[in-house]
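Please load the model in your viewer and keep the selection panel open. The stops below are taken one at a time.

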Amino acid sequence: MRVLGFSVGHDKGAVIIENGKVAVGITQERLSRIKHDGAYQGGLIPFESINYCLNALSITYRDIDLFVYSTTEITDDVDFQFFNKYFDLKREKLKFLPHHLAHAYSTFFSSGFEESAIIVADASGSILSYKNKLHEWYDVDRTDLDPEEDWTEGISLFHFTKNGYNEVYKKWIKYPVPIDTNEGVSVGTVYSTGSLQLIYEPNEHTWPAGKLMGLASYADKSIVDEAPEYAQELENDIFIPNNTIYPKVTWQSDFFSRACVAGIYQKEQERSSLILAKIAKNLTKSSNVCVAGGSFLNCNSNEVILKSGLYENSYFLAPSDDSGIPLGCAWYAYQQLIDITSVEPMSPYFGKTYSKQEIITAINNYPGLNVVEHTKESDLIKEVTHWLTQNRVIGWFQGGSEIGPRALGNRSILASPIQKWMSGHINGDIKHREWYRPFAPAVLFEHQSEVFESDVYSPHMLVTTSVKEEWREKIPAVTHIDYSARHQSVTKENNPKFYSLINSFYDETGVPVLLNTSFNGPHEPIVETPEEAIKTFISNKLDILVIDNFIISR
């Protein structure tokens, strides 16, 4: 049994589930090399992503039992007639799934839980348009919705089991989303407003939320604590006003002012997330929680939910943003065809693997490189460890690529965390990004609680913790200004080769941690192919490149 989920809109892509397990998946940007590919394009179907998945399994469109897709466009441009024209499919083999429901399926069926509360929060989801009669949705309560307005999903809470779900809460917001009118909006709308306000890049017309989170750590805590609260906690409800916070402070203001206002936006993000966690607990009575939506790439918010004590178990999904929508669509499709009895926790390495011949072909396109192939993995690990101890920056390319925006040890840039200057070197000389952006520590899970104030298993780099005082000077390159760190728990089971490398570094240095950041240059997605890895290695002046068992240098 094979099903395929795909999405349109930004961060579109495709995923195939085969016999109850994710077989392959990719986000379109990894193939097109356009970051967040799909934005402002209408409903263009991600055929490159779909074909990547089909080719990886050596199958065709006719081998897929059900296609399910989701869109956040005002009109649904995924035309069955267009789809059928090329692939001769029956209409019943193509179904639509609302955006927030796709998020919910993606996180629940990746968690391994038997049942769970689900929190979905982002900027907005699928659009309910009376005028355009967009989609025959699942049972939508329209009682309080003005039929003269278009509406979009803002916040959704569910209770899930393997056999079905119950939507226990829905917050609709107007579309287009209003700003500065004191109307209610979503968690992601407010954070996006703050990002546009404080870290806007006029030359690139971008304002990625991750920069706001890094900037917020430089805020004066007393100023943030004294600021008024904006989000209002109601009885099993929340009101999040759309007003800009301290609008006189903009991306053109001084660093300190921007940092303090960023800190207030971050505080509101965390407060809102905690309020939603309380509502979900009250309405589901579940001891488990799963989250999804771009708002839950915010590691500090995830930490607040963990520390709240509301739930015994919490799950944070690697592709929490819209790169996870195809995964949710695929799981929904599978549930339509099969009675799902058990699900294993997700491994995020969805990409296809590249053959030795494909790697050699890519290397041969760049004459003049020094190339050594190790036949024994232990010899490879030993040599890479040596270069890490010599403060060399390593491009690390192994197996299939990770799904989602975080590098998790298969498409990573790695370095020693021991020298403080290393963070500035990678930020400035290699990644060409803002100096205040932090780097994540990948840590041997069995040593995690020795180094960090956390014993929480966090394999997807989605929870913030504090570096213990006695370790702050030992790993300064991954210790943020507020002593926080967005750690990745690495085990023999979740990534054996990456584990062996960190363990070897630990044997040499006594430090069970490596600096881990995404393998990409400025303004480009994470590398997908050996050819792209070599290009980025050369253009961004990394010291060493490791592709499977090949070590490449200049």
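The model is predicted: local features need pLDDT of at least 70, side-chain atom pairs count only at pLDDT 80 or more, and totals for chains, interfaces and linings use all residues. Residues are numbered from 1 along each chain as its sequence is written, and side-chain values use heavy atoms, with hydrogens and water left out.

In α4, 13 of 13 residues are buried (under 20% relative accessible area with a 1.4 Å probe, protein chains only; exposed is over 50%, partly exposed in between). Gly112 follows α4 and has a positive phi, near 85 degrees.

Go on to α5, residues 187-198. How many of its 12 residues are buried? The count is 10, so α5 is largely enclosed by the rest of the structure. Among the buried ones are Val187, Tyr191 and Leu198. The buried residues of α5 pack against β6 (115-121), β8 (150-161), β9 (164-175), α6 (209-216) and α8.

**Aromatic pairs**

The structure holds 24 aromatic pairs (Phe, Tyr or Trp rings, the six-membered one for Trp, with centres within 6.5 Å; planes under 30 degrees apart are stacked, over 60 edge-to-face, the rest tilted). Show Phe6 and Tyr69: their ring centres are 5.6 Å apart and their planes at 20 degrees, so this pair is stacked. Phe6 belongs to strand β1 (residues 2-7) and Tyr69 to strand β4 (residues 66-70), so the pair ties together parts 63 residues apart in sequence. Both Phe6 and Tyr69 are buried.

Next take Phe108 and Phe160, with centres 5.5 Å apart and planes at 45 degrees, so this pair is tilted. The pair joins helix α4 to strand β8 across 52 residues. Relative accessibility is 1% for Phe108 and 0% for Phe160. Ring pairs also bring these two into a cluster whose members include Tyr105, Phe158 and Trp331.

For a charge over a ring (NZ of Lys or CZ of Arg within 6 Å of the ring centre and within 35 degrees of the ring normal), select Arg411, whose charged end is 3.6 Å from the centre of the Phe397 ring. Arg554 lies over the face of Phe537, at 4.4 Å from the ring centre.

**Nonpolar cores**

The largest nonpolar core has 80 residues, of which Leu4, Phe6, Phe67, Phe83, Val384 and Ile475 touch the most other members (a core is a set of buried Ala, Val, Leu, Ile, Met, Phe, Trp, Tyr and Cys joined through side-chain atoms within 4.5 Å). Apart from this core lies another, of 43 residues, among them Val187, Ala231, Ile245 and Tyr311.

**Single residues**

Asn242 sits in the loop between β11 (237-239) and α8 (255-284). Is Asn242 buried or exposed? At 2% relative accessibility, Asn242 counts as buried. Its side chain makes a polar contact of 2.9 Å with that of Thr181 (N or O atoms within 3.5 Å, where within protein one must be able to donate a hydrogen and the other to accept it, and residues adjacent in sequence count only if both atoms are side-chain atoms).

Finish at Gly395 in strand β15 (residues 394-397), which is buried at 0%. Gly395 and Asp543 are 148 residues apart in sequence, and 8.0 Å apart from C-alpha to C-alpha.

Key:
Helices (H or I, at least four residues) and strands (E, at least two) are DSSP runs, numbered from the N terminus. The expected span of a helix is 1.5 Å times one less than its number of residues. Contact means heavy atoms within 4.5 Å.
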